[in-house]
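Hello,

Here is the structure we talked about passing on. My notes on it follow below.

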Amino acid sequence: MTLSLVHSSYSAFVRSQVFFRLFPAFGGPLLKRLNPWIIVLLVLGLYLMLSNIPGSGRYTVNYNEFKDLLGQGQVERVVVAEGNAQVTLKAPRTVTVSTAQGDVERENVRDVVVRLPGSAATPDQSLLTELERQNVNFKFNAPSQWGAILFNFLPILLLIGMMYFFFMRAQGGQSGVMQFGQSRAKKYGKENRVPTKFTDVAGHEEAKRELVEVVDFLKNPAKYHQIGAEIPKGVLLVGPPGTGKTLLARAIAGEADVPFFSVSASEFMEMFVGVGASRVRTLFEDARKSAPAIMFIDEIDSIGRKRGAGIGGGHDEREQTLNQILSEMDGFDKTSSVIVLGATNRPDVLDPALLRPGRFDRQVTIDLPNLKEREAILKVHLRNKPLGEGVDVPEIAKSTPYFSGADLKNVTNEAALEAARLSKTKIDMSDFYRALDKITLGLENGSLTISDQEKKAIAYHEAGHAVTAAVIPGSDKLQKVSIIPRGRALGAAFYLPEEQVLMSKERLENQLVVALGGRAAEEVFMGNVTSGAADDFRKATNIARKMVLEWGMGENFKNMALTTDSGPVFLGEDMAKPKMFSEHTSQLVDEDVKRILNHAYDRALTIVTEYKQAMHDVAEALLSQELITGDVVREAVARVGGAAQPQPAPTPTT
Ligand SMILES: Nc1ncnc2c1ncn2[C@@H]1O[C@H](COP(=O)(O)OP(=O)(O)OP(=O)(O)O)[C@@H](O)[C@H]1O
Ligand SMILES: [Zn+2]
């Protein structure tokens, strides 16, 4: 359980992590795969079903019952096939039939099936004699071609088929026999003309300027060929999820009016080695046929990771697929005008071979949008939505730091849904606020029962964050504080972080004080501490470790970095990377981290004690109103401190 969700502005990295966590759905398209195994299973299932149904829709009777019926002269017709006899009675009557629940009487039965005793497909002699004597219409069907093949040879055929299948995969899927891979690649590579234009992509002006060249080449390839200019074969779009990489790729195709082939690299990943490579081949063939064209490969890092880094399964397949892409790109002759656009958010893990000249030798960075760009993106997505008076788009942009384009689109959509839910005809500012709360924190958790004592603890905890944030000069501006439980969080303080690329040591230390302010308040005002600060500690420790390990801010390690690689580590790579420092060094690191955290915690304790009255005021306001604005906190602090502490320069808000 977390008592608070302090999304103050740690480092850009920490922040992006938070948002990736909050928006897992933006990780990429959901793939619907039809796995070859499913087909095998279906066939097997069908086989089992067919071989189990003796005669569809008929009751089954046991052999003795049949003999009785025959003895009574009730049987009109018998057809024997594969050890079963399909029996038609002279008239409908009540018979004892076998069911899963045992023998039961059934009325009005005329057609039944009898499973003949023994494994023989031929009925015994005495039965034949009796049938003949009664002059029953009797037919003995030798197992039909069909039945015989299906029931006796199918398993063998399946086995041979699968061996063949695996064998071909192992061969690297040479074309001609790769029906599986080929037909599916066609389906994945959607070839279509797209109406998307650059005007649909807000912001990214820099990227657009670079990509105009690509558009021009696709429009007039002759111009470039004639003068001997070589145009990039591959352009890598690099940026976090949801920032519009796919959108830009489509816009290029749309602007140039050329076919757009798109595929997500993870779709190449199959259980069978070689399928991916074969799909790549087919896809490129198709694209070349309709050149000039754009081929877009999303999530290229999923196959383009450094070779040899992976551990375990799927790794051969990945390498083969990657090799195929590389050789296809090399295979483009200078006159073929297919441009491959790849998208990734992990360029650092890509195989260097992908980035060599003649392949993805150009990189275009697609970053998270800044304030102005967010406003522009919001406007794009609000184009067709009716807005009420007083909707302040710049204000929404300000409240959505580090949101990606996809996140912003989601905000506009959620706001529209909120408005519709209240049967409004226009979207108001309040709808946007509710949408934002919902998105950043999850739904209000009304089912949670919280005791009064717990509520008090939460209120003081949040007050601790809020008051320290208001007291420390230059902290992120506190926007609001709430103790309404939402999702996993029991309470939260919201800040409007100033977007900064560089974090000073002082600023980081201040953030640590605010992060630990919650626990400090618990200790001072509740007399005991709770488990609610777990998340705060995780975040604080994360920052402190980075300060020591990466940013050279530790006392033992002034001005040196102990890691060479930042960012989330890939499983394979991490396992392969030897530990960079000794046991002794680790101890020194821990010392430094501890010192930084302790210092911050002491400062937090001092502040909440010094601003005792403000703490009480804020906690009480929270307990009675559940949600208060940053102004309430700032006023409470000002009443205590007067001019003792300089206030943060307020960023203009309405
Ligand atoms: N700059 C932008 N302008 C307008 N809309 C945007 C922008 N960026 C993202 N969007 C919206 O977000 C949606 C998702 O973006 P898109 O799929 O292009 O992101 P992506 O970078 O390809 O993400 P991923 O890496 O997850 O595939 C787009 O369909 C678009 O509606
Ligand atoms: Zn907290």
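Subject of these notes: strands, ligand shell and annotated sites

In strand S13, Ala493 is the bridge partner of Val481. Please keep in mind throughout that this is a predicted model.

As a general point, strands of a sheet pair through backbone hydrogen bonds, either parallel or antiparallel.

Next, the ligand. Ligand 1 is surrounded by 21 residues, and the closest are Pro241, Gly244, Lys245, Thr246 and Gly405. By class, this shell has nine nonpolar, nine polar and three charged residues. Three helices each supply at least two residues of the shell: H9 (245-256), H13 (371-382) and H15 (405-421).

UniProt, in an unreviewed entry, gives the annotation "binding site" to Gly239, Pro240, Pro241, Gly242, Thr243, Gly244, Lys245 and Thr246. Of these, Pro241 sits in the loop between strand S7 (234-238) and H9, and Gly242 is found in the loop between S7 and H9 too. Pro241 counts as buried because 21 other C-beta atoms lie within 10 Å, the cut-off being 20 or more. Gly242 is also buried, with 25 other C-beta atoms within 10 Å.

The record also has the feature "active site" (unreviewed entry) at Glu462. Glu462 is found in helix H17 (residues 452-471). With 30 other C-beta atoms within 10 Å, Glu462 is buried.

One residue of H15 was looked at separately: Thr412 is found in that helix. Is Thr412 buried or exposed? Thr412 is buried, since 23 other C-beta atoms lie within 10 Å. Leaving aside neighbours within four places in sequence, Thr412 is in contact with Leu378, His381, Leu382 and Lys385. Between Thr412 and Leu436 there are 9.4 Å in space, C-alpha to C-alpha, and the two are 24 residues apart in sequence.

Regards

Conventions: Residues are numbered from 1 along each chain as its sequence is written. Chains are lettered from A and ligands numbered from 1 in the order in which they are written. This is a predicted model: local features need pLDDT of at least 70, side-chain atom pairs count only at pLDDT 80 or more; totals for chains, interfaces and linings use all residues. A residue is near a molecule or strand if its C-beta atom, placed from the backbone, lies within 6 Å of it. Helices (H or I, at least four residues) and strands (E, at least two) are DSSP runs, numbered from the N terminus. Ala, Val, Leu, Ile, Met, Phe, Trp, Tyr, Cys and Pro count as nonpolar, Asp, Glu, Lys and Arg as charged, and the others, Gly among them, as polar. A residue is buried if 20 or more other C-beta atoms lie within 10 Å of its own, exposed if 12 or fewer, and partly exposed in between; C-beta atoms are placed from the backbone. Two residues are in contact if their C-beta atoms, placed from the backbone, lie within 7 Å. UniProt positions are given in the numbering used here, feature names are shortened, and annotations may be inferred rather than shown by experiment. Two strands pair if DSSP finds at least two bridges between them.
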